[in-house]
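Please keep the sequence and the 3D view at hand while reading.

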Amino acid sequence: MRWLCGTTTDDNGRETGNFTLFGDLLAKMALTDGAAKGFHRPLMLSAGQAQYSEERLSSQWDMGRKRIRNLLATLTDMGLIDTCRSRVASVMTFPCLTGWETVDGGITSNPLTHEQREE
């Protein structure tokens, strides 16, 4: 968790909090099942997944794609995300989350947590 309290330097020398970068990924997560928005080839996502593009993250965060790959690998090694890349699209899941509160105050359990997937 120490990594989340640190910073990452972009290609222009500006530092961004790692927690801010992780929060940006969380903001892309689908809260309900449905199609991803804003992609040339949108996928049907399950709640707890996000479609992503290394190229888009590179542009948004002003970092090279290799650095993006390294950041995603670090988050994967920590168990915060899982990624699956294919020729069609890249999808990340957030197994670190057990659930989230819905707009109406209900709770949605994350079907993609490590514990639930191992059963």
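## A residue in a loop

Ser46 counts as partly exposed, because its relative accessibility is 31%, and partly exposed covers what lies between under 20% (buried) and over 50% (exposed). The model is a predicted one, and the values here are computed from it.

Where does Ser46 lie? Its place is the loop between strand E4 (44-45) and strand E5 (49-52). Leaving aside residues up to four places away in sequence, Ser46 touches Ala30, Thr32 and Asp33. Trp61 is 15 residues from Ser46 in sequence, and the C-alpha atoms of the two are 25 Å apart in space.

## Helix H3

Helix H3 takes in residues 65-77.

Which residues of H3 are buried? They are Ile68, Leu71, Leu72 and Leu75. Seen down the axis of H3, the buried residues fall within an arc of 95°, so they line one face of the helix.

On the face of H3 turned away from its buried side are the exposed residues Lys66 and Asp77. After H3 comes Gly79, which has a positive phi, near 85°.

## The whole chain

The protein chain has 4 helices and 9 strands. Along the sequence, they follow the pattern β-β-α-β-β-β-α-α-β-β-β-β-α.

The table lists some values for the chain as a whole.

| Property of the protein chain | Value |
|---|---|
| Box filled by the C-alpha atoms, along the principal axes | roughly 40 × 35 × 30 Å |
| Accessible surface | about 7,400 Å² |
| Part of that surface belonging to carbon and sulfur atoms | 50% |
| Buried residues among the 119 residues | 35% |

How does the radius of gyration fit the length of the chain? A compact globule of 119 residues would have a radius of gyration near 14 Å, and the protein chain has 15 Å, which agrees. Among contacts with a separation of 6 or more, 42% are between residues 24 or more positions apart.

Methods. Residues numbered from 1 in each chain as written. Predicted model: local features only at pLDDT ≥ 70, side-chain atom pairs only at ≥ 80, totals over all residues. Heavy atoms only, no water. Helix = DSSP H or I, 4+ residues; strand = E, 2+ residues; numbered from the N terminus. Buried < 20%, exposed > 50% of the residue type's maximum accessible area, 1.4 Å probe, protein only. Contact = heavy atoms within 4.5 Å. Expected span 1.5 Å × (residues − 1). Arc of directions from axis to C-beta. Rg over C-alpha atoms; globule rule 2.2 N^0.38 Å. Areas by Shrake-Rupley, 256 points an atom, 1.4 Å probe, with all protein chains shown as cover.
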